[in-house]
Protein chains: 2
Amino acid sequence: MSEAKVPVSSQAAPTQRERKPRVQPLRIAIFGFGTVGSSVARILVESKPAGLELTHVFNRGVERKRVDWAPESVVWSEDAEAVLASDVDVIVELAGGLDPAGEWVRRALEAGKSVITANKKLIAFHGVELERLAAAKGGHLKYGAAVAGGIPVIPAIEQGLAGDRIQRIEGILNGTCNFILSKMEEGAEYATVLDQAQQRGYAEADPTEDVGGFDARSKLAILMRLALRVAVDPEEIVPQPITTISAVDFSYARDLSCTIRQVARAEKSGGEVSATVGPMLVDLRSPLAWSRGTENMVILSGHYGGDVVFSGHGAGGQPTAVAVVSDLLALAHGSQRVEIPSTPGRVGGEFEVPHYIRFLVDDRPGIVAAITGALAKEEINIRAIVQKPGYPQHALPFVVTVEPCKSSALKRALASIHTMDCMREEPLDLQMLE
Amino acid sequence: MSEAKVPVSSQAAPTQRERKPRVQPLRIAIFGFGTVGSSVARILVESKPAGLELTHVFNRGVERKRVDWAPESVVWSEDAEAVLASDVDVIVELAGGLDPAGEWVRRALEAGKSVITANKKLIAFHGVELERLAAAKGGHLKYGAAVAGGIPVIPAIEQGLAGDRIQRIEGILNGTCNFILSKMEEGAEYATVLDQAQQRGYAEADPTEDVGGFDARSKLAILMRLALRVAVDPEEIVPQPITTISAVDFSYARDLSCTIRQVARAEKSGGEVSATVGPMLVDLRSPLAWSRGTENMVILSGHYGGDVVFSGHGAGGQPTAVAVVSDLLALAHGSQRVEIPSTPGRVGGEFEVPHYIRFLVDDRPGIVAAITGALAKEEINIRAIVQKPGYPQHALPFVVTVEPCKSSALKRALASIHTMDCMREEPLDLQMLE
């Protein structure tokens with residue numbers, strides 16, 4: 001491997017001696033050799049971090065995956081069973097999805113091996129059970145790459161914020177949605193940007209997981225368990241897709257000194273847990289409005305420490321691979337996670353926040369009176385009514401913003417408004433972040 | 001302690017069992033019961049984190065420090081020797097400064113105890129030696145609170161970014177300077193804001209440590225060791241004070257779409273290490289321009305993962321206490337740091353960046369020609385010359401910005417310019433961050 005770069009850390013005489021040098025390096029099998037998997041291998045080969053040795057790569061049809069820069073000693077296999085039964089110490093699971101990835105992870109943990117994974121869905125739905133299994137069998141389960149890829153928010157919560165009581169999470173957790181919405185902010189159309197995102201590999205052929213909010217929901221559920229210390233069923237978080245947002249909403253948002261982002265938010269207050277994912281109006285002065293392109297951002301609000309903001313590349317092969325290799329290093333150094341006990345919880349709370357409601361109407365006299373009447377009946381106060389010129393009368397978009405109110409009350413009012421003859425489509429209801 | 005709030009985490013049945021439950025809680029002595037010390041005690045008493053027990057408080061004249069909300073079992077002492085000789089497991093050193101704090105830390109580590117400290121100066125100057133001592137004696141040394149208080153940047157580097165090769169650090173590491181400069185940006189005068197900062201407890205009676213850049217320098221040296229993996233003598237980083245900045249500079253900065261912040265920056269490239277601390281021009285679109293008041297911010301640029309941004313409350317009793325308690329929890333959970341070997345290094349590199357140079361001249365014909373001639377002699381290219389109206393001719397401020405150049409070349413040019421008769425004061429030279 002003389003052609004690989006030798007990093008400074010292994011060239012130089014260390015000034016700190018290692019407390020517990022491992023005699024044998026950790027033997028590592030990568031399951032899934034896509035963008036992230038090959039980036040992990042690349043870092044292991046280039047940087048040669050002490051104590052880590054890539055020994056196996058598993059992938060279906062592995063021959064087309066084989067690379068010439070990996071050590072010759074690496075076993076390339078399409079037999080998952082054989083790799084699981086081998087003498088590897090740790091499985092790096094990068095296949096994603098619940099099945100068969102979950103089965104591989106369970107089998108590895110059962111055998112007392114450790115598992116590093118970037119699989120947010122698996123951890124969101126089965127993390128508690130898998131951590132229990134790891135603890136029972138003496139292995140470790142680490143998933144720093146599962147949320148916000150290259151941003152070390154999970155180790156920061158476990159190691160640096162464990163002493164706080166975190167009460168609120170707000171995050172931009174899906175790079176695809178952020179790419180689409182920040183391009184739409186600049187004037188592009190949804191379909192065009194989605195197409196662009198697919199061409200650049202930011203979005204899947206079927207983008208539902210991303211634009212429907214399911215990906216961000218899994219990540220939010222993981223953050224809720226670690227930061228709010230409440231383990232919820234991710235299915236209880238009902239995501240709102242970004243597909244209903246159109247150019248007119250960005251135009252109205254700008255008039256309100258806001259932009260639109262897909263935000264995942266959760267809070268715990270007075271024993272109630274609230275959580276939601278969807279497009280929201282974000283004040284242009286908020287850090288959440290700064291994130292552009294595929295960037296991710298997480299804001300944690302602690303009882304003692306106040307707000308901490310993290311941002312960076314939430315996805316992509318190399319940033320995600322950094323999180324994986326960092327987890328591997330922590331394992332090799334015998335670093336225990338600070339295990340934060342969580343309690344099972346229901347997502348039963350409601351956010352009491354202001355809302356942006358955009359109507360599309362066939363304009364006629366009395367509409368505003370009818371709408372405001374329906375809102376008044378639910379005791380919802382109006383903050384502003386905005387109607388911009390230049391739209392056809394038979395398909396006129398206009399916006400009402402309301403003071404903080406319970407989502408359930410607003411839903412009732414909007415259901416009643418939706419039955420009105422003049423409504424051309426279901427009103428669009430977005431939370432406003434303040 | 002029935003009056004103390006019981007946190008959710010200790011009320012509830014944990015869903016994850018602890019891997020290695022400690023039979024005995026860690027016995028903790030706090031050295032220094034000021035704002036941070038009492039906040040640490042408050043969290044320990046209110047949140048009752050499992051495995052942590054406050055047993056001793058040391059302070060000079062401790063009687064005036066005694067609080068009624070601490071457990072009766074706590075020993076309040078003004079005898080450092082006695083506390084060091086007691087059966088405490090960990091010393092939380094919050095006295096600050098090199099002496100006698102360094103002596104207490106050494107004595108504790110010698111005795112095989114662990115030490116948690118927020119003492120940036122001690123860690124910047126003696127961290128390598130103290131970590132060696134801790135490792136040799138079987139104790140642990142943790143200092144998550146030493147840099148950027150409530151922002152978990154140290155655990156994030158050790159646990160979440162260890163797999164990357166970090167090449168550049170840019171940070172706002174001193175809340176006092178950021179408070180002063182962000183108030184000056186809004187139009188306040190230096191002396192007035194300093195006074196305000198002192199009244200609010202953000203600045204010391206002698207503000208030199210903060211405004212002179214010495215505090216930020218210590219923090220930068222610590223980050224350089226952990227992130228760039230190079231251990232430098234902090235004295236080699238020459239700080240520039242913020243005291244030379246005046247209202248006119250903010251006015252010129254705004255014309256250049258910039259503001260001014262105290263920035264600590266370091267980079268490692270091609271084996272050269274560069275580091276500096278001082279007021280710099282920051283593009284208004286840069287995250288560094290977002291930080292206001294006493295906020296801190298750190299941007300780390302990794303070879304693989306790109307930029308990661310952290311921001312939050314860098315100082316203050318409670319945020320700093322969160323970092324201390326998180327370190328205590330990591331200790332109680334047996335969490336090892338990922339020890340990143342560092343190599344001794346010299347700060348020998350030069351930044352090649354654009355500069356903002358503000359002159360104050362007794363105006364007369366030929367000045368611009370003379371100045372531009374001196375710059376041309378050093379092969380420094382001018383980017384812009386800006387002179388705003390409304391200043392007296394005998395004390396006329398005007399600004400030249402130059403393309404990226406070596407600091408040493410610019411220093412020579414400015415030394416020659418400074419000898420010109422028309423110069424009313426030494427030209428102000430600020431790096432521009434791009």
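Modeller: Gladly! Let us begin with chain A, whose domain assignment gives domain 1 (8-142), domain 2 (165-313) and domain 3 (352-433); such bounds come from an automatic or database domain assignment. This is a predicted model, where local features need pLDDT of at least 70, side-chain atom pairs count only at pLDDT 80 or more, and totals for chains, interfaces and linings use all residues. Residues are numbered from 1 along each chain as its sequence is written, while chains are lettered from A and ligands numbered from 1 in the order in which they are written.

Colleague: What separates the centres of domain 1 of chain A and domain 3 of chain A?

Modeller: Taken over C-alpha atoms, the separation of those two centres is 52 Å.

Colleague: Why is helix 7 of chain B called mostly covered?

Modeller: A residue is buried if 20 or more other C-beta atoms, placed from the backbone, lie within 10 Å of its own, exposed if 12 or fewer, and partly exposed in between. In helix 7 (residues 175-185) of chain B, nine of the 11 residues are buried, so the helix is mostly covered. Among them are Phe179(B), Ile180(B) and Met184(B). Helices here are DSSP runs (H or I, at least four residues), as strands are (E, at least two), numbered from the N terminus. Just after helix 7 of chain B, Gly187(B) has a positive phi of about 115°.

Colleague: What makes helix 4 of chain B roughly parallel to helix 5 of chain B?

Modeller: Helix 4 (residues 101-110) of chain B packs on helix 5 of chain B at about 15°, with the axes 9 Å apart. Axes are lines fitted to C-alpha atoms, for helices over the stretch in contact, and angles run from 0 to 180 degrees between N-to-C directions. Angles under 35 degrees count as roughly parallel, over 145 as roughly antiparallel, 65 to 115 as roughly perpendicular and the rest as oblique. Therefore helix 4 of chain B is roughly parallel to helix 5 of chain B.

Colleague: And why is helix 2 of chain B oblique to helix 13 of chain B?

Modeller: The axes of helix 2 (residues 35-47) of chain B and helix 13 (residues 317-332) of chain B come within 8 Å and cross at roughly 60°. That angle makes helix 2 of chain B oblique to helix 13 of chain B.

Colleague: How many residues does each chain give to the contact between chains A and B?

Modeller: Chain B gives 65 residues and chain A gives 65 residues, where contact means C-beta atoms, placed from the backbone, within 7 Å. Helix 13 of chain B gives the most to the chain B side, with nine residues.

How values were computed
Two residues are in contact if their C-beta atoms, placed from the backbone, lie within 7 Å.
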